[in-house]
Amino acid sequence: MSLFIAHRGLSALAPENTAAAFDLAWAHDCDGIELDVQVTRDGQVVVHHDADLKRTAKLECAIADEEYAALREHDIGSHFDTKFADQRMSLLDEVLTAMPADKLIQVEVKPEVTRVDEVIAVLREARQDAKIYVMSFDPEQLSKLHAGLPNLPTLWIVDEDDARDVKALCERALEAGFTGIDVHQAVIDAAYVERVHEAGLLLGCWTVNDPARMRELAGWGVDMIASDCAHLAKA
């Protein structure tokens, strides 16, 4: 059965990668959430997609150059709607602590993150009942994460062009010891799903906001379907 993952939280209804977006995902009984992590100057693993705050807080502020206490002062919700002006940057361990025990979380480590040891340290201490998947576009970075977190499943994220050669992609993922691949939904058809599953890999995809396409992908057996509006899957 396909699982529907709220992409950056329920980001159609709340600002991405915020506590509000994650709370809404759980309130709507989404199967899981996806989030992005960066590392601050003082080694805190924070939840944020971009390496800076230009888009979410209109500030020239690089996360890697700032301490978490300073970053926490900035409103990262008003860019979506002023009613979310209270939203602040979360720590990864805060989100892990707040998630329901029977749900799933995909932790995407952004390629620009060089201090992966800090991410590994947080995930090593995560609650044992959390279903955590570690993800990255960078296979070398993902291999480092896999070495440090051998008990957590790993998903290699691949863009549309590189994902088209499914045979080569599966071979490389298996050689690296990854659990699965996470690809742009546009490359997927029934045969694609079959090839990935025949290789013994999980298949995730992003970002699917059309309900008809959600049904199609679920019908073919895609394991995890990320959507900004994952709540629509329940309807």
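Which residues line the largest pocket? Leu123, Arg124, Ala126, Arg127, Gln128, Ala130, Ile132, Gly148, Leu149, Pro150, Asn151 and Leu152 do.

A word on the model. It is predicted, so local features need pLDDT of at least 70, side-chain atom pairs count only at pLDDT 80 or more, and totals for chains, interfaces and linings use all residues. Numbering starts from 1 along each chain as its sequence is written, and side-chain values use heavy atoms, without hydrogens and water.

Back to the pocket. A pocket here is an open set of points on a 1 Å grid over the protein atoms alone, where a 1.4 Å probe fits, with protein on both sides within 12 Å along at least five of seven lines; lining residues have an atom within 4 Å of a point. The volume is about 220 Å³, taken as the space filled by probe spheres set on the points. The lining divides into 7 nonpolar, 3 polar and 2 charged residues.

Next, the backbone. Most residues other than glycine have a negative phi. Arg8 has a positive one, near 60°. Asn17 also has a positive phi, near 60°. Arg8 is in the loop between β1 (3–7) and α1 (19–27); strands are DSSP runs of E, at least two residues, and helices runs of H or I, at least four. Asn17 lies in the loop between β1 and α1. Arg8 counts as buried at 16% relative accessibility, because buried means under 20% relative accessible area with a 1.4 Å probe, protein chains only. Asn17 is buried at 2%.

Last, Asp182, in strand β7 (residues 180–184). The backbone nitrogen of Cys205 lies 3.3 Å from a polar atom of the Asp182 side chain.

Key
Ala, Val, Leu, Ile, Met, Phe, Trp, Tyr, Cys and Pro count as nonpolar, Asp, Glu, Lys and Arg as charged, and the others, Gly among them, as polar. Buried means under 20% relative accessible area, exposed over 50%, partly exposed in between (1.4 Å probe, protein chains only). A polar contact is a pair of N or O atoms within 3.5 Å; within protein, one must be able to donate a hydrogen and the other to accept it, and residues adjacent in sequence count only if both atoms are side-chain atoms.
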